[in-house]
Each structure stands twice: as structure tokens, then as C-alpha cells.
Amino acid sequence: MALKIVKGSIDRMFDKNLQDLVRGIRNHKEDEAKYISTCIDEIKQELKQDNIAVKANAVCKLTYLQMLGYDVSWAAFNIVEVMSSSKFTYKRIGYLAASQCFHESTDVIMLTTNQIRKDLSSPNQYDTGVALTGLSCFVTPDLARDLANDIMTLMSHTKPYIRKKAVLIMYKVFLKYPESLRPAFPRLKEKLEDPDPGVQSAAVNVICELARRNPKNYLSLAPLFFKLMTSSTNNWVLIKIIKLFGALTPLEPRLGKKLIEPLTNLIHSTSAMSLLYECVNTVIAVLISLSSGMPNHSASIQLCVQKLRILIEDSDQNLKYLGLLAMSKILKTHPKSVQSHKDLILQCLDDKDESIRLRALDLLYGMVSKKNLMEIVKKLMLHVDKAEGTTYRDELLTKIIDICSQSNYQYITNFEWYISILVELTRLEGTRHGHLIASQMLDVAIRVKAIRAFAVAQMATLLDNAHLLTGNMQRNGICEVLYAAAWICGEFSEHLENPIQTLEAMLRPKVATLPGHIQAVYVQNAAKLFATVLKGQEGNTDSTAAQETSQLMIDRLPLFVQSANLEVQERASCILQLVKYIQKLQQKDVEVAEEVSALFAGELNPVAPKAQKKVPVPEGLDLDAWINEPPSESESEDEQPKAIFAKEEPKHSRPRHTEVDEKELARRREARKQEQANNPFYIKASPSSQKVYQDTPGVEHIPVVQIDLSVPLKVPGMPMSDQYVKLEEERRQKERAEKKKKEKKKRKEKRSGRGKKQDSGPESEEDITPAHMVDIVTEEMPENALPSDDDDKDPNDPHKALDIDLDKPLADSEKLPVRSHRAAESLKSPAEDGDVESAAIHAPKKKNGKEKREKKKDKDSDRKKSKEEKKKKKHKHEEKEEDLLGGQAEEPAVQSEETNEVAAPPTSTSAEVSDLDFWLSNAPVPSNTQEAPTVAAAEAAPVPKVASGTAPNSEPDEPKDTEMEETKSSKHKKKKQKKEKEEKEKKKKKKHHHHHHHSDGGGEESVQNGTVEDEEPLPPMSNYCLLAENSYIKMVCDIQGNLQDGSQVVVSVIFENKCDSFLKSMEFNVLDSLNSKLQRPEGSGPHDGLTVPFQLPPGVSNEARFVFTVQSIVMPQKLKGTLTFIVKNEDSSTHEKLDFKLHFTCTSYLITTPCYSDAFAKLLESGDLKGSSVRLEGVNMPFHHLLARICFHHHFSVVERIDSCASMYSRSIQGHHVCLLVKTSGQTVSIDAKCDEPTLLGNVLDEIKQTFSQC
Amino acid sequence: MIKAILIFNNHGKPRLIRFYQYFAEDMQQQIIRETFHLVSKRDDNVCNFLEGGSLIGGSDYKLIYRHYATLYFVFCVDSSESELGILDLIQVFVETLDKCFENVCELDLIFHMDKVHYILQEVVMGGMVLETNMNEIVAQVEVQNRMEKSEVSVQCQPVAELISG
């Protein structure tokens, strides 16, 4: 053996280690790949050896090679081998390699589960640490599921080093195994107050990460975080919390109000720029979330803007960048405050740093007004000229277009200027955004009617100049512009001054070098132009001109007929034949112009881009049904979609409904016509000619001012926009002068001294009237268009699965899977995870079993905790809280405040009853803000729990069809009660708090915050009934069916030590009957008792569960049993026993199952159920109490309630349906019941009867 | 969350790569190339934030980097991280390296990639910041190094005996 080690060590001395490998690679620069391949061969040899040291060395080298891009997944198994070494050195190498190259589809990962588990529980904290670190990188859903419980235990490790790692990795576990979130969350929350700052920071980190994706579920933690924010000094933690608040405030405006002051203080006091920046950011978020109207609103905004200005002016480029970034957030809601810093932002446009320039560009978007748009764009155009990189230049181009076209060209006063800007932009070569310019040209030309003449002239110049035709057509995106130019010239050809010249330009041979889709447009529009030319020429006496034009077409078109592009070819040959025919007619002196132009008659209406999508499917139309017989397979394969042209078609050209069948089309057209006739805003198409713009009543009210044609139009290819700036200046001055004449007295002082500088005086937006009133045609939408319903959420987002309500109580089925040999689990089969108990209660027990060191005190607190947990359950229901929070977010804050005033005073006395609403309600009272931290401190721990307790009061709950809620039927009590309230006080639903504490049995504890309340609160109820009791011990139990297994019943027994001695070695035994048997661990005899997995110090109680198998559930039955235990004093110990009788009622076989009313009705209609009924006399309690009792004690849920009549439903563990119809009149309650098993029903009814006879 | 940490030199040679999200090896190399391309053309006096890495992340992600002598330290992070905070973190990481290697230089990273990884593991875990206190980081790294040494010396003992005997 020793020799082997020695031999291994010697071997190792001759192996290359990592350093040698690196050195070797560096020495083989010219044949690196070859050298590495020999190294890999060596590594493969090394991996074959038994010596773990050699293997580890090899794996270490592989990790290096992986960094260089080599796939080393083939060595995955060897990596696992090295991971499982007992030596830390090798283990670390193994885990490092695994973390670098393992991923979800690495199959050997499943071999690692046990090894990782072993490492996690290693006595050496660094073994655990290394395993956690590695696992964090390659955790898979399977690993997460199997190890979640082990990691959760580590969150309470004694070493903070492990604790913080365990806390952090939980986030990864949640992502892979979302079911673990709820059971683990209570402990995670505990870690927020861990004594170690590192652990605390990790917990904050994880919760912030979780809350960022699904903020609404974490609102209830706000008070706790608030406390941390005001107490923590760790900037990392502060930053995280402040960022988290930024995500929470949009959901809860009151939170924002509360935050403003401490944040403002931090802004004033902190010296850390990172913290300052995040504070500013969150304040901005708060201000965005608050509806305006807060008095000190503007002060906060001013503070933010002021601080940001300091950042932007800083010489540190990073601060400058962030300052601009934050500014853009303010811009969205408070553009005015940002606009005052225009100078600074424009200055940033000249910054040498591209990131900063881009940020500044983003801001410009909000800086523009009618007044300064031209000036800003002029500046940007200068940048376009200077810009060296195409990316930045393209960015500028899109920004210019964005700025100008924003909110429907709101800021453009002069469209001639805009068109000339667009034309200037066409000189940008190599831009990718040619189509953007083109679509703008089209959009403006179509929608701004007054500009068409000008636009057409400009486009004609573009076509004629054809400087765009140079260069590589296919790659140069700018030639897209010609597409627009040709179309505009064709469509609005009546505005052309010299159509023949343009026609000639469009038919030049060079056009054939353009991309196909553009050529197609050229050809088509040449035909339109031809029609116009003919029209103009036919009036003349000389017919030769017209014939010459035809000849021109006939000469030039053949070029296009030969085009390789199908679309071009088809159109060209069609048109060529047409022209030839026209020429024939012309030679016979036939007037053809009218008929030719009829080909292109009709005006276009701009159609909204989404219009097609929004057309609702008409009733009776089945889009999936075949109109004709489906074509055979082979046919459909041959058919190629012919969308070459349609694809390229701009959004505003004629919509082509090719797929709609004729009838439908006609019907729709008719309907639309009618709709349009009734719509005063709809601009009707004039059927006769495009020329007539103002003959319809729809546009008459829009004053269309004639364009001043003194503007020099024909400067081909020259920058002209500057002239417009000047002209616009002059025009405005002229206008002002006119106005001045009118209101001399008022405006005198303001106007004088206004020179060329635009921003020198406070000229308001309204003062600037556009050069020509622009008739911006709104885009056409189909009649009864569907409202926008675009859901952008990515269905693959892993965080979606983590949208889990954390406040609702844990259901039994949510328990984390635990290895079966754990003490607490010893008597259960692994399959019944589902029905045990919430892991939150469970966890302390496990701890008890595992860490014997734990003191009594801890146990005590555990007990309290579990009690609290149970109490909590009473007040909760399974409806998602997010409804509450969502509802609050939607509702105006005013309303909740108004209820708060009522709610706040009574609650302030007890920390127990405080909740998020209460905590938040402090905010409006200024004097309270100082105390807030301390109040929050006192409340912090109970707050989130209780807060969740208020949830049932808020929203109507539809019973969910999930089978999650088989646990405590008590939940339904709340649910039902709430439902009733819903009906009566929908408007005041927010603030009713009911706190019932069944264990105290005192009604005085129940606090009612809602003042308006007709129905009495429910008395406390408990399903735990006394099992047996003597002077040493008391046993109470609750019996529940197991939904997952129709033959199992779970008995939860709470053992309470009543004496001063220690109780240990408790053994629970039951005499099995034929029908029911206690489940015992494998290998034990049928009469053996089960060891209770804990001991009881004096005064302590704990809960254990026992599983029984039952055969038939239609009859109640009793089982005799005995508990034996040892009472241990300081000096003596005695054996004691306690006999008990377990009563399995039929009710305990029922499981609360929600049922929708329609399903319920179907069930009753089915006729499979047999009826029975029972009358209860002298029931003296409100109806809702009655229902609550049935729900609670007999595991029913309310399906529907109408006045004094309610239908209820439950299901047995073996799937029998039990339906009740409960009616009340006076003191008589009649229950009609139906069930598919009459015996069961009879027994259940007897039990219900008994319940009510007792009270 | 931190999505990736890349260290490469002025020529784009990777010195350490740590992805917290799985990418195949060739994709990783592509990302390194792209990131290097983006970062290297920037002057030293421009800001340390960068948007627009197309391969990694998307609009929510930013590259935050620092340039030290011959090395670029690049962190790819999402919007939940504070930009300035990450810059500080890079500084902490580099100072920690400096302490652990005593005047760290590129060669240390070249020959001791594994050690750099071990140090990084004490700073960032699974894409989340684990520790920002340099002394704590250094302490944990040193304890682990001592453990490794003690194991190695046990391992080497027989060899020593063999040689001496």
C-alpha cells in the first residue's frame, strides 16, 4: 500500500503540472493546436491511472484548456471522480472543473447527488463551502430537488461562512426547483436579521433578486427592509435594499411616500457615490409611482435633478454616464425639470465618449419642443457629418427620425423642412436605415396632404439626380429611399412639374442595378406616371408628343421584362403589352388618357400597422375550417408563398386581402362603408380622382394653407434644411409682429429684444403656429378593433415560475423532499410527502433530531413558532395574495388612505395586529416618520405574517381547482366569510382585519378594524380534539385524509408535557382492526409500537404524525391505542402509559376540495348521486357561522351562496363526491345532501348534526 | 446577477473566464472575442460601462470593466447590480489578488489560473456577490491554502522518506 502511494508520488513528479502546461503552450506559439492535442493525449493517459493525485492534476490542466475553448466534457466522469476525493485539495480541483464545464445536460451530474450531499454535511466547513460554490454553478432541477432540504439546513449552520453560501445558493435552487421557495422562505427571511453582516447581506441579495422579478409577492417584507435600510451601514446592503424599494414602489404608492424622507436624508448625508446614485434612482421611481399632487413633490424632483447635474458635470465619465441614465428616467414623467438642463445635455453630445453621447441622445428625445426642434436637429445633422463610426451615425439617424416623428409629428411645424432633412439624410452612404428614411417619406407624403406637392418635387429631384444609384446597390441600404421616391412620384404624379422628365429618369437603364423590389415599384409607378403624362398631352392638338411618350415606354420597358426578378418581369411585361395596345389606339387617334388613368384611380387611406391583426373574427366564421377540400400533400409542397412584393410593401400602401373569400370581403366592405359614413373623423376616399382633396365634409374643417412657393425648391441634392430654419425664424418673427400689432400693450416687453437666439425668452409652445396647418390623417383601424392585448412576457423566463405567493400558508404537499431515514420521517413512506405538514413546522423538528446540542430554549421558541404557524393558518386561505396587492396597485391611493384612518388607531396598540397597511398608514402623518424605524423594529418580526392574514378580506376568491388545499379546512372559513363580505361591501373591501386565535379561546382577541360590518366575526375554532390526558401528558389530535393516497389517513398528535419531568422514549401503539392499520416501518411486527421521534422537556409540546391505512371509509370507527413513555426526574425514572381511543369519523375521510358552480351543477345533474336530508332545529347562529363550521369541521367548501341558501362540496379520499344544499329559515336548518355512497353520506350527516347539537 | 466574469489581456487572450450561465465552449470564445473587440477600442478616459454586447445578455445587461495595465477585468451584469458597486467590486477583487500574489501581474494569472478562480469563488458565488470585505476574503483564501499545503506535505512525506532512506 505504502509502496503504491510512493509510486504514485513519483509518477506525479514526472507529470506535467498546470504550470508546465502553460509554459509549454507559451513555448509552442506557432504550433499551439498541435502541442495541445499531444497534451490532451497525455491527460487522457493520466486520467486512466488509479492515483487520484495524477487524476486531479490532469483535471486541473483540463480546466485550463477549457478556458482556451477546448471542449472537455468527455472527462466529466473523471471530474466526478476527483470531486469525490477525500482530500480537500483534489476536491477543490474537481469542483472547480465541474463548475466550469458541467451544465444541465451533463449526464454524469446525476451521479454526484450523494457525493455533494456528503460534502455538504462534511465536518470540514471548507469541504461544504467548495461543494456549495461548485453546486451554485451547475445545479440542475434534480439536484435542486434532492438537495434543497440539505441546503436549507445549512442556512442555520454554526459557521457564518457556510450560512452565507447556503443562503446565496438558495436562489439558484429556487430557480431550478420553484417548489422549494415557499418552504424555505421563512428561514431565508430569518437570515435577514442574522448577526453576521455577510449572511445578512447574502439574504438581502437573494430576496432582492427574487423580488425584482415578482415584486408584488414581497411587498409584505417592506417594513423589515425599511428597518434594515435605516439601521444598516453596509453600503452593499443599502444599495440592494434601495434598489428593491425601487421595484416595490410602483406597486404601493404609500410605500413611496414613506421612503421619500429617509432617502432624501441619505442623499444629503452619504459620501458614497454609488449609494447616492441608487437613492436618486429610487426617489425617481417613487416620484414616478406617485400621482402628482404631493406638495413637496417638486422639491424632491429638484433635489434629484440637482444631484444628477452634479454627477453629469463631474469629470469622472462614469458618473456622467450614470447621471444621464438617471436623467432619462426623470424625463419620462417630469420632462420640464430635465429641459431646464438642456445646455448640459447638448454639451454631452460633444463628449468624446460614445456611450455618453448615446445617453445624451436618448435624452434629446424628451428635450424637443416645437420651438427648438429645428435647432436640435440642425445640431444633430452636424454630428452626422462628423461621425466617424457607422454605428454612431446610424444611431444619430434613427434618433433624428425618432425625435421628429414622435407623437405623430407633434413638434414639427414645417414639413417642408422635415422632408428636406430626410432628403439630406439620403446622402449618408452605408447606412442600414435606408428603409427607415423611406418609410418616413412615405408616411409624411401620404398623411400630410399639404406637403405632397413639395414632397413630389423633392422626390423627383432624388430620382433625377440618382446619386443614390452609385456604389454597390445590394449592400447600400440607402437606395431603399428610391423605393419611396418612385412610389411618391407615381402616386401623386399630378403634382409633378415635369412628369416626362421624371418618367425618363425612372426608366434609365441604370435602374436595373437596383434591388428587385425597388425595380418593381419603379415599373409600376412608371405606368402611373405614363397615365398622368398622357392626360396632360392629350389636351394638346399635337398628338405626336403622346405617341413619343408611348414610344419611350416601349423602348425602355423590355429591359425590365428581362429582369431576373419575377415581380419586375411580370409587371414590366404586363405594362409593356398595355402600352403597346395604347400606342395602337393612339395611332387611330382614339382618346385613351381617361381610361388609362382609371387604372390607377382611387385614393389611399393610411392603415394602422396593426389594423389587420385587430380585425375581430366575425361570428360564425371558422378560420380553421377548409373553404374548399384540402389540397393533396404533393400539391401543397409545390406551392411557394409568393410574398416577394407583399413583404416589401410599406405599411401604408393598399392593403391586399388576398386570403379572405369574396363574400366575406363584400360583406365587410359594406359594413365598413356604413361605419365610415357614420364616422365624422373618417376621411372618405373620393371615388373620382386623387386631385380633389377638399370635397368631402370630413376634411373641410381642417384649414389647409397653401404652401408658399417662394421657397427655392430646386437645389438638387443640396442641403436645404438650413434655409428652412432661417425661413421658419422669419416666419415666426413675422407672425409675432402681427400678433404684436394686435395685442400691443400686453406683449410689448416680452417681444422686444428677441433676436435669433430662440431660448432667450420664455416663449410658450402655443405661440408657435405651424407654417401650414397639417392635416395629419389618423391611421385607419378596422371597425370594432380588438383592444391591444399584446403580452410581451417571455414564456421561457425561469423567473415566471418563481411568481409564488409567499404569504399564504404552506400546504402539506409543499414540503421539501427529505431523505427517508431522517428521524421525523421514520414512520412514513416516502410517497406521502404530500400530507405531512408544512416544512416550516417541520424544519425545527428536524433540527431537533439532528442537532442535539440545541438548547431547550430553542425548542421552546420552535414550539411557539409552530403554534404561530398554526394560528396563521386559521386566518389564511389559499387565494393568492397577489390579487390583493394587484388590486391595491390599481386602486388609487386615496381610497386606501381613507380606510386607513379608520384602521390605524385601534391597531396601533398591539404589534400583533399591525400589518403592512398599518405600517404604511404611518406615512401621511409627518410626526410619525421619525418614529417609523422604531415602530418598524418592534413590528418587524410579526408584521409580514399578520399582514398576510389580512389578505382574505380583500378579494373574491374563486375556488381553485388545484388539489393543493387538502390541509386545514380552516382556511375555508375565512374564505367563505370573506365572500359574504364581498357581496355587501365591495367598496370597502380593503381594511377588515380579523384575528382569531383558536388556541386562546378568547373572543376578545379578535380585533375588528373594519368599522362597517354587519356580520359578527367568527368564533375561534379548532379541529384538534382531546385524545387522552393524564397528569403527565396531554394528547390532542387531528385526523386528515390523504388526497394522494385514497387509503391513507394521517393523524397529527400534539403531545404536551404537563409535568415537571422530562418525558422520553415515547412509544405510540394502536391495536389494528381489520379495516384500519397503523403503518409501521418495514421489518417491524404488526403489534410493535412506533417511537415518537422526539423527547419532551417540561412544558413543551410537539407534534408527531402517524399514518394509518384504511380499507373502507364509509363507516366511522374507533381504534384503541396506548402511549407508553418514561418520566425522567433528576433522581428517578418511571414507565408510564396512557390509553386512548382514536375516533376515525367519516368527516376525517373528507378533503376540502374546491368546486366550481358549473361543475357542481353537472355533478348534481348526472344522476349518479343518491340523496338524503337532515333537519337541524334550534340552531342559533348566523348563517355564515353555520357555513364556516361545516367548512371547518367537516372539510367542505362553499360552492355558491345566495342569501340564506348555500351549496357546498367536498370529496372523500376515495373520490366520493359529497354535495350539500344548506338552507336556513329562522332557527331551522335543512340540509339536503347527495353522495354516490349513501352510507358515507348518512354518517357524515349524522356527524354534522352532532356538531351542531353540541353548541 | 452577474452573468459572466472575463479577464483577458490587451491582446484578447483569456486569462480567466467564469460564466454563471451555460454557454458552449465555442460560444464562450466568441463572447470573449466580441467583448474584447468592444472594450479594447475604448480609450482609457471614457466611462467604464458598455451596452451592446449582442451575444451575451440583451438590453438588460451591461458590461462593466476596468483596465489595469495589461489586463481587462470585465463583468457582465444585469440591472439588479449597481454599476458603481460592481466597479468597486472589481477593485476589491484586484486588490485581493494583489495581496494574495504579492504584487500581482499578468504572469501570476497566467500560471495560477486555478488560484485566481479560488479567490474569485470567495468574492462571487453563482453570479451573486458573496463577500466584499477584502480582509475576510483574504483570510478565507489563506485558510484554504494552508489546508492544501498540509495535505500536500502529508502526501510528500513518503517520498521524502524514500529519498532520505
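**Figure 1. Salt bridges in the predicted model.** A search over all chains of this predicted structure finds 43 salt bridges. Nine salt bridges are counted between chain B and chain A. One salt bridge joins K13(B) to E32(A), with 3.9 Å between the closest N and O atoms. Another salt bridge links the side chains of D20(A) and R23(A), at 3.4 Å from N to O.

**Figure 2. The interface between chain B and chain A.** On the side of chain B, 62 residues take part in the contact, and they meet 71 residues of chain A. About 6,100 Å² of area is buried between chain B and chain A. Carbon and sulfur atoms give 58% of that buried area. The salt bridge of K13(B) with E32(A) is a pairing of these chains, for which the count of salt bridges is nine.

**Figure 3. Helix α16 of chain A against helix α2 of chain B.** From α16(A), the residues in contact are M273(A), S274(A), Y277(A) and E278(A), and they meet E83(B), L84(B), G85(B) and D88(B) of α2(B). The residues of this contact comprise three nonpolar, two polar and three charged.

**Figure 4. Helices α2 and α3 of chain A.** Helix α3(A) covers residues 32-48, and its axis lies 9 Å from that of α2(A). The packing angle of α2(A) and α3(A) is about 155 degrees, which makes α2(A) roughly antiparallel to α3(A). The crossing of α2(A) and α3(A) is right-handed. D20(A), L21(A), G24(A) and I25(A) of α2(A) are in contact with E32(A), Y35(A), I36(A) and C39(A) of α3(A). Sorted by class, the contact of α2(A) with α3(A) has five nonpolar residues, one polar residue and two charged residues. E32(A) in this contact also forms the salt bridge with K13(B).

Figure 5. Helix α2(A) runs over residues 18-27 and holds both D20(A) and R23(A). Because D20(A) and R23(A) are three residues apart in this helix, about one helical turn separates them. Their side chains meet in a salt bridge, at 3.4 Å from N to O. D20(A) is also among the residues of α2(A) that meet α3(A).

**Figure 6. Helices α24 and α26 of chain A.** Helix α24(A) spans residues 415-425, and helix α26(A) spans residues 452-465. The axes of α24(A) and α26(A) are 10 Å apart, and the helices pack at an angle of about 15 degrees. That angle makes α24(A) roughly parallel to α26(A). α24(A) and α26(A) pass each other in a right-handed crossing. α24(A) contributes E416(A), I419(A) and V423(A) to the contact, while α26(A) contributes F454(A), A455(A), Q458(A), M459(A) and L462(A). The contact of α24(A) with α26(A) has six nonpolar residues, one polar residue and one charged residue.

Conventions. Residues numbered from 1 in each chain as written. Chains lettered and ligands numbered in written order. Predicted model: local features only at pLDDT ≥ 70, side-chain atom pairs only at ≥ 80, totals over all residues. Heavy atoms only, no water. Contact = heavy atoms within 4.5 Å. Helix = DSSP H or I, 4+ residues; strand = E, 2+ residues; numbered from the N terminus. Nonpolar A, V, L, I, M, F, W, Y, C, P; charged D, E, K, R; others polar. Buried area = accessible area lost by both parts, 1.4 Å probe. Salt bridge = Lys/Arg side-chain N within 4 Å of Asp/Glu carboxyl O. Axes fitted to C-alpha atoms, helices over the stretch in contact; angles between N-to-C directions. Parallel < 35°, antiparallel > 145°, perpendicular 65-115°, else oblique. Left-handed = near helix turned anticlockwise from the far one by under 90°.
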